[in-house]
Every structure is written in C-alpha cells, then in structure tokens.
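Hello,

Here is the structure for you to open. Please have a look at it, then read the notes below.

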Amino acid sequence: MTKEISLEHVWVEFGEFTAVHKANLNIAGGEFFSFLGPSGCGKTTLLRCISGFQEPTRGKVKIGGEDMRGVGPNKRPTALIFQNLALFPLRSIADNIAFPLEVRGVSKKNRRKRADELLELIALPGQGDKKVSELSGGQKQRVAIARALAVEPDILLLDEPLSALDLKLRQHMRTELRAIQKQVGLTFIYITHDQGEALTMSDRIAVMNKGKIEQIGDGKAIYDHPTTSFVASFVGENNVLDGTVLSNDGKVMQIDAGLGTPFAVENHPAGGPALAPGDACHLFVRPEALRLSKDESAINQFSTNFVTEEFEGNMRHIVMNASGKDLKLSLINDGTNAIEANAPVKLDFAPGMGIALKPGELASA
Amino acid sequence: MRDLFYDLVRRNGMAVSIYLMLAVSLWVFILIILPQLTMLDYSFRFNLPPAKIGGPEDVYTLEQYRYFFQGSGASDGLNTLDIGILFKTLLAAVFVTIFDLIICYPVAFVLAKSSTGAKARLLVLALIVPYWINEILRAFAFRILFGATGVINETGMGLGLWDTPIDFIRQDVALYAGLAYAYILLMIFPLYNAIESLDRNQIEAARDMGANWWQVHAKVVIPYAKPGIASGMTMVFMLTSGALAAPQILGGPSNLWFTQLVYQWFNSGGNWPRGSAYAMVLLIVCIALVLLVMRLFKVSIGEIKQ
Amino acid sequence: MKMKSPTALIPGLYLTLFFAYLFGPLIIMVITAFNSSTFPRVSPWECFTTDWFGKLAADDKLLAGLGNSLLIGVGVVCVAIPIGLAAAITLSQVGPKLRAALYTIFIAPILVPGVVIGLSTLIFWDRIGTLFNAPYESFFYDGTFLTIFGQVTFIAAYSMLVFLSRIQRFDTTLTEAALDMGATPTQAFVKVLLPFMAPAIGSATVLAFLASLENYNTTVFTIVSSSTFTTVLSSKVRYGLDPSISAVAVIIIAITLIGAIIYECRNRYNTKSWALVVAERPALKVATHPGTVAVILGVLALAAVMFIQNHDSNACTAQILEDKRALQQKLMEQQSLNTPQQNVPAPTMPNLGPVGGNEGGASAPSPFGNNIFSPENLGTNTPNDQ
C-alpha cells in the first residue's frame, strides 16, 4: 500500500535561521519524487520533517491524510535510508535487515525467514551471516534498502544514498533503485544535490534554494522551462545575459541583451511569470541551443570571437566572446562545425530556445 | 532543566532518561557537591562534643582558619610551622611536577612519533603494568631502595663513592623519587595523546625548513602539545600535593606533608572542624595555583583530559 | 632514519634508563621477598627462602582486609559504572554550553585531593546520620558503605572518561536509523548504543576495580574502624618493614604480569597478520590461543605455589642464626668491656606494634614518619621475631 504525502505551509526555523520557508506540495502514492538543491538548501530538513526527526515550526505534514504532528519517527509509515547508510556495524547482515522486525517482537525464526526473502530480493542470497564490513559499497547500499523495506513502509525516504559511491557504481545504482521502486511500488522520496540522479530517476522533482521550493515539475519541465533564474542556472549548464524587454505581444518578446540586434524570445505557457516592456530580465540560452550560423539572415544572430575550447570526444565545449561577454557553446563532434580561431564567428539560437525570466538569484558555479 | 529532560526523553525514552538524570544527579549532588558543602560548613564550626552539636554553642566561627594562620599562641604570632608545611608541600609538588614533565616528555615523544604497531603497544603496556601494583607497595619499594642498607647505599659504598650510609629518607630524596614515580603515568598519557595527534608532516616540514631538533620541539611540538602538557601537569600537581601514602611511608621523621596535618587533626587530634578547615585551605590554594598557571599559559579547564 | 650516528642511539638509551627507573624498584622488592633476612634487603644475602609467603597466609588482618577490599571493589564497580556511563551519555547529548559546565563538575573529583574527598564523604554521611538520629550501627557510619561512596565519587569520573572516548566515535545516525525502523527510544538505547559501549564497559570495569583496590588516600578516612587490603598494608609498612610485604608485592606483580601477558597474547592472536600465519597451522593456532596461554601460566603459577609451600630453608637459616649469635656474642663481649651497662634486647617485639618495631630506639613516637632503621638493631630483634 502506498500513501500520498502533503506538506501544508511547512516552516522550519532554528532560532533566527529559516531552514524551510513555507513548503507546499503534494506527492502522490507510488511516485518517485526528488528534492534537488545545493547543500544547505533545506532539503534534508524537509526530509527530517517527513520522517519525524524534526517537527515543523509551523504548518502540517500529512501522510495518507493524517496529520503527523507529535508522531515520532518510530510510529510513522516511513523508512529512511541515511546518507551514510547507518548499518549497525556490530550486527550481521541478516540481523541488520531483521532489526525492524526484532523491535516489533517478531519471533527469531520468522525474522530470519523474512531477512532471507529480502536478501533474495536484493540479489545477495545466503550472505546473511556476513559482517557489514565484509560487503562492498554497492552491497551495503542494497542491504540498507532491504533493511528499510523490512519495515514494510508506505514511503521510502532516501537521503543522498549514492553520494559515497564511485561514479560507475552510482550510475548503475540509479537504474537499480528505479527498478526496485517499480518492483515494490512504494512512494520514494529522494534527496540529492546531483541533478543527473534527479533527472534520470524521478517522476517529479522539486528544486529548492535557501529553504524555498523554487519549482516543481517533471525533469523535462524543469530543464526546458525553468520558472526562476535559480532553476535555470542550477539545473544544467546555461548562458545568462542581462537584458531589457522591449516589447511583448503575448507570443514573442523582443529583448535587448546588448549584443547588437534585439533577440526574439518566445513566451511559453509553462514558463515563468510574464514580462512587460521595460522590465529588466535574465535571458538564458543553453550551450546546446547556440549554433553556428549557416545563414547570414538567421534570426537572433550575433557576432563572437573564439576564446578557448575543451575537447570531450563526442562533444566540443567552446567558449566564445560576444561584446566582452563569455558564452559557452556545445557542439556535436560530427566534423561539420569548423571554427577559425582568428576570424569573427556568427552564432544564433531559435526563439523557442531562449528563456527570459525576471532577474533573480543565480546558482553559483 | 525541564527542556533538558524533554529533550532526553525524546532521544532516549522515558526509562533511560530517568536513569540518566538520576545517576548524574546522585553523583553530582550526593557524592560531589553536598559533601564538599558540608565540609565547608564544618570548617566554620567549633569542635564540640556530639551532645552540644546543634546547641547554643554551635555557631559559625573563623577559629579553625585563624588557627591555621596564627596557631594556638598569642594572637599576633604567625603559625609558621603549619604555613611552612603548606609552602614546603606546594614547592615540593611543583618540583615533582616539573621533574615528571622533564623525564616524561622525551618518552611520550618517542612513543608517539617513533614507535608503531606492536612495539608501541608493548611499550604502553610496560608503562601501565607498574601502575597495577598497589601504591603502598610502590612506596615500600622505594623505602627498600633508599634504606640505609638499601641497594643505593650498598652500591654507593661498594663503589667507594661515600663511606657511611646516606640518610635518603631524612633528606626527602626517597620521598621525591617515590612521588615522581607514583604519577609518571598521569604525565605521560596526556602528553602522549597530545603529541600523537600532531601530524608527522609538520615536524618534517619544520626540519625541511632548517629548524634543528630543539627548534622543532620548542616551536612546533610543545606549542601543539600545550593542552596535554597542561593537563598532565595539573593532574600530577594536584595528586602530588594531595598525596598521603607516599609521605607517610617515605617522609622523614621531621618532615610532614600538608595532608598529614589534615590526617592528624582528624585521627589523632579528633578535631574534625579543624581537619576540614585545613583540607579547605589545601583545596583552595591548589585550585587557585592551578587556575593561575592555566591563565598564564592560556589553557582552559575543558582541555583537561586523561 | 637508519644513520649509524651515536645520536640515533639516544632515544633507545633514554628509554632503557626510563624503564629501569620504572621497573628497578619493583625488581629489587621482588628479590627481597626471597631473602631470609628479617629486614627486606638484597645484600647481605642470607638464605633463599619462601617462608615470607607462609607468613602472609597466616596474616588474618591482611586476609580480612583483602576480603573487604574485594567487596568494596565490587560495590564501587556496580555504582560507578552506571554513573560514569550516564554522565558520558548526558555529555554527548546536551548543548555545548551545558556540556562545558557539566564537564568541569564531572572532572573535578579527579583533581580534588583524595584526602578531601574522603573527609567530606565522612563528614557528610555523619551529618546525615545525625539528622536522622541513626544508630551507630547504621550504614551512615559503616566503613564499607562510606568507602564505596567516597571511591565512587572519583572512580565514576575515571570511568566517564573511558566511556566518553568511546562515545565520541558513536555514529548518532545509527540511533536515528533504529528509531526510524520502529524501535522505541529505549529499544534503540539497549540494542544499538549499549552494544556499541560494551567494550568500554569492560575496560572501565577493570579500571574501576583496580582503582578501588589500590586506593588509599580516600579510603583511609572513610573506612573508619574497618580495614581494607591497602590500609592494612599501609599500617604494616609504617609500623615495621618486613619482607612479607615484599611477598605481597611478588604475588600482585605475578598476577599483573599474567594478566598483561594474556592481554597481549589476545591482541596478537586477533591481528590479521597472525590469523594469516596460523591459517594453515592448526597446532600453532591452538598453542597461541589466549586460553592455552592462560592455562600454561596457570599451571606455572600453581607449580610456584607448590614450590613455595614445600621449600624448606630451615637448615640454612639455622646456620645464619648461629653465625649471628656468635657475632653478637662477640660484640656483646666487646661492649661489656667498653661500657659497664648495656641494652638488653626487648623480650618481645610485636610485629605490628604501634611504634616502629624495627626501628629499635626510635626517639620520636610519631606515626607519620618512620625513623631511620639501623641494621645493628635489627640483628638484635631477629631471635624474638621468630
């Protein structure tokens, strides 16, 4: 069984410091939901509110429609996988997995049986008598999941569980986590600062900054149509230009970004708040949206000079300078995109690929 | 207090929290604070027979402290005997502390920085083993060693260094050697802990930049180990000045340690209030001295560890 | 580092000297336990004897004191360990300001002279007893109880330090994980924190027991009219030096060494490199198991006890006695030639007499400082002591 979770106007304050600023959201049962944000953005505090280690200063946490205020972590239908996994080093693998059953007074025989079933599920059959220290990083990870599942929770909370693993294993575990979630059908709430993890695994993502939820949406919406400057600059690479809105006919805006001719940028229904003529704005253009102009009459065209190039094999990451402003440009290495170092190069982008937002805080690189 | 208790309950549950609060408050109040306060109270009273305690004569007085400063004689004379013993005790304790620091520092350094694995563990065990042996027996060993027919006198005379047995007991040599011996461990371990956590690279960097061996110690190791040095010295000083067994066994006949005065007032003198007053004097003077030195060397009491 | 310069030898030389200082006095004390001379000394060597051990076994006071000490030791462990543990846990859970204040209070009993702790404990419980009009037989005046209270005051602080160093390495997310998986806070305490603390509880228990056994400064006040091993030993030492005290030391040193050897064997046995060495040599594995080592040491100790019981040095001691008598005779004859009057040795000299029995002719009857002993006087006492 899975339960939905709703946060209603949740505030968490530690003295003067506001860790969570009026969080409002609903997570449906069976959803894989991620909180994405830089460290210190309040995502772990929010997770601790859901698991019960932290009471909100104001607002409600509801699980399955029930207000959780005053309900301790041991009484909530949630299971948390800790960043360091928190496996008990003095207990065997099986005793670790059976711990939730042990504290509920399940008999030793049944405990062992259930632990063996779960070991089967995580593909570690017959390893129950090993010590925690004898397992590899990925195996520990799976044991931690099995232990959390032994609780038979409605909601599994994961606090950056992959951060201690090396890159290869991390990518493998993403697929595996998603597969386990599909298999058991529980609500997963996943905390991460790694956008790759959030984008690949989640049904929906909430991007957080400084205690505030900036945007909630699926991976595509977050990446393609960020609604705040922070999200636009935090998720994925982005070029940002300061500009002024010259006109807005509801469909297309004309924006002066100081690079010669004004740029045409489309409004999008899922985008940020509408801008009016005269407004200052941030104009975002992703490196992969910029292209070398093949055509002298292309729209949104401007002149640049080559600065430097980072070669990555399949992609070429090039830095170009336009009127004193460095812009990143990503090109596929298909042999068609030759750039001469000493001659001016014309770039352009499609009006649908530019994003104009109200100026706001940018994520630090 | 209430918030504290709620916090404990939230973390540990009711049963465990009650145990924690109960155990800690029993210890702090019944075993530490109240006995000290009672002794302080006692030191301001007259020495009365049990029947008169609580009666009209049972009033507060400075008599016991006055006695320490002025003795039983005329009101203007100083109690030079007892004050002298206090000074001698403190001076000797300082001497023993410094002696211990000097002999222990190299050992702690070698142990912490030049030994590894099994060898270091064996050395540490060799340090601890003598301290599993009763302190009375340790003092007794020094008594045998320094006696008129002890090994030292026999060797010295055998080698022709001196003709008649030297009275090491009366000279207090045996006492100082025995006291220094008694608290070596309490000096070595804080030093060892402090030096051990020092990154070996710092020493090597200092050597690399041209410091000679004593500059390495004076400018790198000792400043770093200061908290360890402070706690070792504090422990040795407090325990030496509060020692009773070693002075009783190794002290010369005319040389009293201040704790022996306290013991005397208590046991043979049967004067508990005066014994309490003397104990308070010892306690306060020692603490004041330690705090003064700590302030001079800018170390805080929180850094004292074993 | 492997220079052949003389300075490279200095640390080794220094360590040798240092350990000579540490062990020398103990070794000499051990040797004196086997010399038949009635004064503990190495030279002149008279006869190899084990009689001093026999004398110990017959020392009822010492045995009674030992019994009390063991009882007190157990009592101290039972009270001090839970207190030390509670204090360490409390310190690990409170905020930094309160922690600093509490730490200062907790650590104070270690720094306060033992004499002061003993005194204050005695006065406090005397006062409480008076307050309740308790009879003199009640525990307010009972040496055993008072000594347990007095010793717990500072031994709890020692054990707290042991627990504190362990708890600092505790990962608090383990407790949170237990809570999250449905454990009650009490279950989390019992199933997660306590097992983690178990090794520290073991070592703190040993430490507390040994500290209790050897304590003198506090005990001498709180024990009142009773006695412990240490106080009996102390009065023995103060009122007369006698090789049976060395014999006590031999026994304690033997026990200590056995304990240390077993401990070290266990450590080596549990190392990974040794596990590899013995992996394919089952005989060696059994031979180096700490249990085997303990059994071997036990047999050796038993053999030593048998030897001590059966060794007879009477022939030798009789010979020495004869020689002494002859010498004494000669001396007395010479003395009687020089001075008309002479001191006749006291007819009996109790071993635990109030004023230094071996100090023949001590002038100041002070219990606090022993007078210097002279071998001549000892000689005259010899016949009476046996």
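In this predicted model, 83 residues of chain B meet 85 residues of chain C. On the chain B side, helix α2 (residues 14-42) gives the largest share, 16 residues. Sorted by class, the chain B side has 52 nonpolar, 23 polar and eight charged residues.

Two pairs of chains touch, and the pair B and C has the most contacts. The other contact joins chains A and C. Here 17 residues of chain A are in contact with 16 residues of chain C. What about chains A and B? They do not touch. Their nearest C-alpha atoms are 9 Å apart.

Next, the domains. Chain A has domain 1 (5-224) and domain 2 (236-357). Their centres, taken over C-alpha atoms, are separated by 39 Å. Chain B is split as well, into domain 1 (1-31) and domain 2 (43-303). In chain B the two C-alpha centres lie 36 Å apart.

Now stay with chain B. How many helices and strands does chain B have? The count is 15 helices and zero strands. Chain B has 306 residues, and 42% of them count as buried. Look at its contacts with a separation of 6 or more: 68% are between residues 24 or more positions apart.

Take one helix of chain B, α6 (residues 135-146). Is α6(B) mostly covered or exposed? It is mostly covered, with 12 of its 12 residues buried. Among them are Glu135(B), Arg138(B) and Arg143(B), along with Phe140(B), Phe142(B) and Phe146(B).

Then the core. The largest nonpolar core has 263 residues. Helix α3 (residues 60-93) of chain C gives the largest share of this core, 14 residues. Which residues have the most contacts inside the core? They are Ala108(B) and Leu191(B). These two also touch each other. Leaving out residues up to four places away in sequence, Ala108(B) touches Ile188(B), Leu191(B), Tyr192(B) and Ile195(B). As background, nonpolar side chains tend to be buried together in soluble globular proteins.

Last, one residue of chain C. Find Val42(C) in the loop between α1 (10-32) and α2 (51-57) of chain C. Why does Val42(C) count as buried? Val42(C) has 20 C-beta neighbours inside 10 Å, so it counts as buried. The cut-off is 20 or more. Which residues does Val42(C) touch, not counting those up to four places away in sequence? In chain C they are Ile28(C), Ile31(C), Thr32(C) and Asn35(C). In chain B, Val42(C) touches Val151(B). Met29(C) is 13 residues from Val42(C) along the chain, and their C-alpha atoms are 8.5 Å apart.

Start with Val42(C) when you open the model: its list of contacts takes in residues of chains B and C.

Best wishes

Definitions and conventions: Residues are numbered from 1 along each chain as its sequence is written. Chains are lettered from A and ligands numbered from 1 in the order in which they are written. This is a predicted model: local features need pLDDT of at least 70, side-chain atom pairs count only at pLDDT 80 or more; totals for chains, interfaces and linings use all residues. Two residues are in contact if their C-beta atoms, placed from the backbone, lie within 7 Å. Helices (H or I, at least four residues) and strands (E, at least two) are DSSP runs, numbered from the N terminus. Ala, Val, Leu, Ile, Met, Phe, Trp, Tyr, Cys and Pro count as nonpolar, Asp, Glu, Lys and Arg as charged, and the others, Gly among them, as polar. Domain bounds come from an automatic or database domain assignment. A nonpolar core is a set of buried Ala, Val, Leu, Ile, Met, Phe, Trp, Tyr and Cys residues joined through C-beta atoms within 7 Å.
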